[in-house]
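Here are a few quick notes to read with the model open beside you.

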Amino acid sequence: MDCSGSSSSEDGLDDEVDAMDEEPVMMSPLCLSSEIHNALVAQNIPVKVLAKLNFHEKSLLDQINSSTKYTFLASGLLRLQCRGLVCMQNLVTAVELEVLGGPPALIVVWEKLLALALSDQVPSGEEFLEALTGALRSVIQKMSTIKQAPKGLTQHHVSQLCNLGKSSACEGIRVNILGMLGSIGSLLAFEETAEQTVAAIGIQLIDIATKDPSVWVIAEALDAIFDTFGDGKTADIVAENINLVAKLKNMLPQLKSKLRQNKSNLGDRLPIVHNAKTNLIRFIKYKEKQQ
């Protein structure tokens with residue numbers, strides 16, 4: 001999507017874009033030495049890590065949790081799953097798709113992690129949820145690089161994923177969920193049968209962008225909106241149906257105000273928020289030209 005434009009506008013959006021343009025932030029991918037890479041392949045580590053993420057039988061978990069005698073065992077199982085999820089996240093990010101088993105294996109990992117996230121047995125602790133949502137985010141982002149859209153994802157699933165973060169004070173959890181939604185939205189933006197799911201994603205993203213107290217989370221929600229509605233026939237239809245551009249224009253003054261109030265507290269997240277503000281103005285102009 002090309003969000004830039006050269007024509008002037010009555011609300012001064014061009015001037016603001018010019019004033020806020022900054023050099024892009026360069027991100028370096030994780031790198032592995034050949035020795036570590038070969039060991040991961042030879043020992044089939046991704047498959048072994050995935051096996052550690054299984055929930056045990058509910059009856060066994062209930063028995064463990066109901067007795068103080070097994071407290072150490074319950075905390076040990078949870079710690080094992082958390083570390084396994086973080087390990088899976090790093091593996092998916094750092095290792096080539098072929099090493100992970102190709103697209104079919106990636107789909108298996110996504111479906112397994114999604115089932116964990118939507119299970120009524122999922123632990124409520126923030127450490128676990130941040131690890132789980134981080135692993136899900138890394139997998140769906142990997143899938144987006146090969147244009148592999150998740151199958152069978154409905155608006156109900158979108159709502160369930162969002163509910164994981166709405167009750168959490170942990171910004172990292174909410175940001176991970178937004179990253180997931182942005183990747184899912186970008187993959188479904190061209191799917192003719194995914195209109196309802198894309199609409200559910202758009203509604204959730206707008207809600208978070210307008211109501212979340214964290215400027216960082218708001219910026220990530222906007223990035224997810226740009227990813228979802230940047231291109232694609234389905235995305236364009238949904239954007240018009242949910243009145244996306246008007247809602248984004250209404251929230252621009254709010255974003256400016258929050259940025260001024262929180263600028264000194266953002267630290268290394270300041271460039272992220274600045275870029276989101278600049279891209280919001282460009283995105284509004286870009287979508288208005290399509291109308």
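Is Phe283 buried or exposed?

1. Phe283 counts as buried, because its relative accessibility is 0%. Keep in mind that this is a predicted model.

2. Phe283 also has a ring partner. The structure holds 1 aromatic pair, and its members are Phe226 and Phe283. Their ring centres sit 5.1 Å apart with the planes at 40°, so the pair is tilted; planes would have to be under 30 degrees apart to count as stacked, or over 60 for edge-to-face.

3. The pair ties together distant parts of the chain. Phe226 belongs to helix H12 (residues 215–229) and Phe283 to helix H15 (residues 270–290), with 57 residues separating the two. Phe226 is buried as well, because its relative accessible area is 9% and the cut-off is under 20%.

4. Now for the helix packing. Two packed helices are described by the angle between their axes and the distance between the axes. For helix H11 (residues 195–211) against helix H13 (residues 233–241), the angle is about 55° and the axes are 9 Å apart. That angle makes H11 oblique to H13. The crossing of these two helices is right-handed.

5. Which residues of H11 and H13 meet? From H11 come Glu195, Val198 and Ala199, and across from them in H13 are Thr234, Ala235, Ile237, Val238 and Asn241. Sorted by class, the H11–H13 contact has 5 nonpolar, 2 polar and 1 charged residues.

Terms used
Residues numbered from 1 in each chain as written. Predicted model: local features only at pLDDT ≥ 70, side-chain atom pairs only at ≥ 80, totals over all residues. Heavy atoms only, no water. Axes fitted to C-alpha atoms, helices over the stretch in contact; angles between N-to-C directions. Helix = DSSP H or I, 4+ residues; strand = E, 2+ residues; numbered from the N terminus. Parallel < 35°, antiparallel > 145°, perpendicular 65-115°, else oblique. Left-handed = near helix turned anticlockwise from the far one by under 90°. Contact = heavy atoms within 4.5 Å. Nonpolar A, V, L, I, M, F, W, Y, C, P; charged D, E, K, R; others polar. Phe/Tyr/Trp six-rings, centres within 6.5 Å; stacked < 30°, edge-to-face > 60°. Buried < 20%, exposed > 50% of the residue type's maximum accessible area, 1.4 Å probe, protein only.
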